[in-house]
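Dear colleague,

Please find below the structure that I am handing over to you.

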Amino acid sequence: MKTWSKFIAITIASCLSAFVASAPARAAEITVVAGAGPLPDVMGTLLPMFEKATGNKVKISFKGAPAVTADLKSGAADLVITNSEVVDELATSGDVVRDGKTLLMISKVGIAVKAGAKRPDVSTPEKLKAALLAAKTVGYSQGASGQHFLTVIQKLGIADAIKGKAVVVQNRPVGAAIASGEAEIGVQQVAELRPVKGVDQFGELPPALQKQIPYSAGVAAKAKDAATARALVTFLRSEAARDVLKRKGMDLP
């Protein structure tokens, strides 16, 4: 193991030890409903850490915004983790408790090519435009990053040119289309591109064209175990969790 990897492992272990010391002795099980996008990969790493540190169990499902809202309103979940806009709406409607909303992470839109391929310069809007026009195929999703990308190419004046070579990816990461060679270059949230094997997530949209996508947690008004839900939120703001979020490509609030 490299020296830096050892340092990270020791740091996370120390943070988890501190968290365990402050965790309640009683083990519990809570239900979490979460959005899709980068959250399955991110939570897939963080929740086992929480369970190991506390002895608590977390049942989590990943759904679209309408289903997330329905679960929370029906009392089927103790905690919601999703796009901050959705959590804000649920807090306004009273389905998330007034003091139970917490900003966890901020995602950005990244750019990737197949591993080993030449990395184009995308540092400015004009250079991004040139890179997109030069690519034979361009991949993007129908999610938040894909919808934003459509506004980007509109601003750059190349919407029609990109439409003819677009690879609109559904039910899998954009990175999968890049790795297979279907898309020469692709755009998606950094934390969605980064874990895909065979992909080089080398850059992000230029600042003038970037979109920040915040994700928040909200304790359900009908939570069966609000205390454990809050304990999970506390863990997700801990140093151990923040180290993971940074490695996944998330910005921190």
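To begin with a definition, Ala, Val, Leu, Ile, Met, Phe, Trp, Tyr, Cys and Pro count as nonpolar, Asp, Glu, Lys and Arg as charged, and the others, Gly among them, as polar. By these classes, the lining of the second largest pocket holds ten nonpolar, two polar and four charged residues.

Some notes on the source come next. This is a predicted model, in which local features need pLDDT of at least 70 and side-chain atom pairs count only at pLDDT 80 or more, while totals for chains, interfaces and linings use all residues. Residues are numbered from 1 along each chain as its sequence is written, and side-chain values use heavy atoms, with hydrogens and water left out.

Pockets

Rolling a probe the size of a water molecule over the atoms shows where empty space is left. The search uses a 1 Å grid over the protein atoms alone: a cavity is a set of points where a 1.4 Å probe fits but cannot get out, a pocket is an open set with protein on both sides within 12 Å along at least five of seven lines, and lining residues have an atom within 4 Å of a point. Grid points are joined across faces, edges and corners, and a volume is the space filled by probe spheres set on the points.

The second largest pocket has a volume of about 250 Å³. Of the 16 residues that line this pocket, V113, K118, P120, A135 and E184 are the closest to its centre. Helices (H or I, at least four residues) and strands (E, at least two) are DSSP runs, numbered from the N terminus. Two or more residues of the lining come from each of β5 and α5, and α5 gives the most, with three residues.

The largest pocket has a volume of about 520 Å³. It is lined by 27 residues, of which G35, A36, G37, Q189 and Y215 are the closest to its centre. Its lining comprises eleven nonpolar, twelve polar and four charged residues. At least two lining residues are supplied by each of α2 (39-54), β3 (79-83), α6, β8 and α9 (190-193).

Two helices in contact

The axes of α5 (residues 125-134) and α6 (residues 144-156) come within 11 Å and cross at roughly 100°. Axes are lines fitted to C-alpha atoms, for helices over the stretch in contact, and angles run from 0 to 180 degrees between N-to-C directions. P125, L128, K129 and L132 of α5 meet F149, V152, I153 and L156 of α6, where contact means heavy atoms within 4.5 Å. Seven of these residues are nonpolar, none is polar and one is charged.

Two sheets

Two strands pair if DSSP finds at least two bridges between them. Strands β6 (residues 138-141) and β8 (residues 185-189) run parallel and are joined by three bridges; V138 stands opposite I185 in β8.

The other five-stranded open sheet has the order β2-β1-β3-β10-β4, also with mixed pairing. Its edge strands are β2 (57-62) and β4 (96-107), each of which pairs on one side only. Here the twist averages 20° from one strand to the next.

Yours sincerely
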